[in-house]
Amino acid sequence: MLKFLSLFLCLLASSCMTQKQRVEIAHTELTAFLTLEPSIKKELILEDARFTLLHIPQSHYSKIYCDKLLEKFELWQVKSDLSSIAEEQDKYSQLIQKIDSEQKSIINFLRKHQSSYDCLYVEGLAYPGTYATKKPLQEIAQIKDEVNRALQFADGTHCAPQPAYFAGASLFLYQEDKIPMLGVEHQALLRLTHKAYSKEYDSKVPRSAFIQACHEERETQMIKNMSKKYEANNRYDRSIKFLLCGSLHDFKDNVLEWNKLHPEMKFNLLILEP
């Protein structure tokens, strides 16, 4: 009963909050965060912003890339071209090591600032999906096995790092720290993007142009989804939105356009640089 009453009062307080009060809260939360991270890249800071998007760029494991690599290895094996396999395995091992190091740094950063956010917004999962049905340990083990299969193909000598942070910071943070994950994608756009990368792509539009258009619209939809339910004062109501998203994404143009169209729901933009 007390829990219900507390929630009701929070909802009531939130519904009565003025735009000026919301902006002041956002400014206070942003100032507190920047005091802890003064060197973070301040791409866009506004006096009247209601939210702050903190883009945490990541290089991440790609099953599509790994599968294509194995296809090449099988062709080279038929041709007895073991030197090409070994050379490509060296490059892939270096790539995985780089991803692993980046993901470990992201984990440390997010653990340091856990009090600044209620959930971590993640790409690759439709809004408002969560990790409730995920089995992180199994996923981490599966990704590690896939990488080792490529690295050790034809008696390759490389091994995947352990712990396998390259499997993704979100999986480790959910498993070890119980940090809530919230999908930020538009489901139809996400499916369309996956199809664009697959062998089934059959559009007359060049693949690269189609993928770029998908990414642009995905970024806009991510901003839209991160602005939702603020008035409802649910558990994801902090003004700073921590978004774990690929390093090739660039949100500046999307944020500028969003701010023009939604003057009472403007975003600041911060970027965590390596």
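How much space lies in the largest cavity? About 50 Å³.

1. Confidence. This is a predicted model. The average pLDDT over the chain is 92, and 92% of the residues score at least 70. Where pLDDT is low, the predicted coordinates should not be read in detail.

2. Sheet. The model has an open sheet of six strands with mixed pairing, and the strand order is E1-E6-E2-E5-E3-E4. Strand E1 (41-44) and strand E4 (181-185) are the edge strands, each pairing on one side only. From one strand to the next, the twist averages 35°.

3. The E2/E6 pair. Strand E2 (residues 51-58) and strand E6 (residues 267-271) run parallel and are joined by five bridges. Leucine 53 has leucine 269 in E6 as its bridge partner. As background, strands of a sheet pair through backbone hydrogen bonds, either parallel or antiparallel.

4. Helices on the sheet. Helix H8 (residues 207-226) lies across E2, strand E3 (120-126), E4, strand E5 (240-246) and E6. The angle between H8 and E4 is about 135°. Helix H9 (residues 252-261) lies across E1, E2 and E6, and runs at about 170° to E6.

5. Glycine 129. This residue is found in the loop between E3 and H5. Glycine 129 and leucine 182 are 53 residues apart along the chain, yet their C-alpha atoms are separated by 5.8 Å. Leaving aside residues up to four places away in sequence, glycine 129 touches Met181, Leu182 and Gly183.

6. Largest pocket. The space in the largest pocket is about 1,600 Å³. Its lining has 47 residues, and those nearest its centre are His60, Tyr61, Ser62, Lys63 and Glu123. Helix H3 (63-78), helix H4 (82-112), E3, helix H5 (136-151), helix H6 (169-177), helix H7 (187-197), H8 and E5 each supply at least two lining residues. H4 gives the most, with six. By class, the lining has 19 nonpolar, 16 polar and twelve charged residues.

7. Second largest pocket. About 220 Å³ of space lies here. The lining residues include Pro57, Gln58 and Ser59, as well as Ser247, Leu272, Glu273 and Pro274. Lys98, Glu102, Ser105, Ile106 and Phe109 also line this pocket. E2 and H4 each supply at least two residues, and H4 gives the most, with five. The class counts are five nonpolar, four polar and three charged.

8. Rolling a probe the size of a water molecule over the atoms shows where empty space is left. The structure holds one cavity of 30 Å³ or more, and the largest cavity has about 50 Å³ of space. Ten residues line the largest cavity, and Asp118, Cys119, Tyr121, Arg238 and Ile240 are the closest to its centre. E5 contributes the largest share of this lining, three residues. The lining has six nonpolar and four charged residues, with no polar ones.

Note on methods: Residues are numbered from 1 along each chain as its sequence is written. This is a predicted model: local features need pLDDT of at least 70, side-chain atom pairs count only at pLDDT 80 or more; totals for chains, interfaces and linings use all residues. Side-chain values use heavy atoms; hydrogens and water are left out. pLDDT is the predictor's confidence in each residue, from 0 to 100. Two strands pair if DSSP finds at least two bridges between them. Helices (H or I, at least four residues) and strands (E, at least two) are DSSP runs, numbered from the N terminus. Axes are lines fitted to C-alpha atoms, for helices over the stretch in contact, and angles run from 0 to 180 degrees between N-to-C directions. Contact means heavy atoms within 4.5 Å. On a 1 Å grid over the protein atoms alone, a cavity is a set of points where a 1.4 Å probe fits but cannot get out, and a pocket is an open set with protein on both sides within 12 Å along at least five of seven lines; lining residues have an atom within 4 Å of a point. Grid points are joined across faces, edges and corners, and a volume is the space filled by probe spheres set on the points. Ala, Val, Leu, Ile, Met, Phe, Trp, Tyr, Cys and Pro count as nonpolar, Asp, Glu, Lys and Arg as charged, and the others, Gly among them, as polar.
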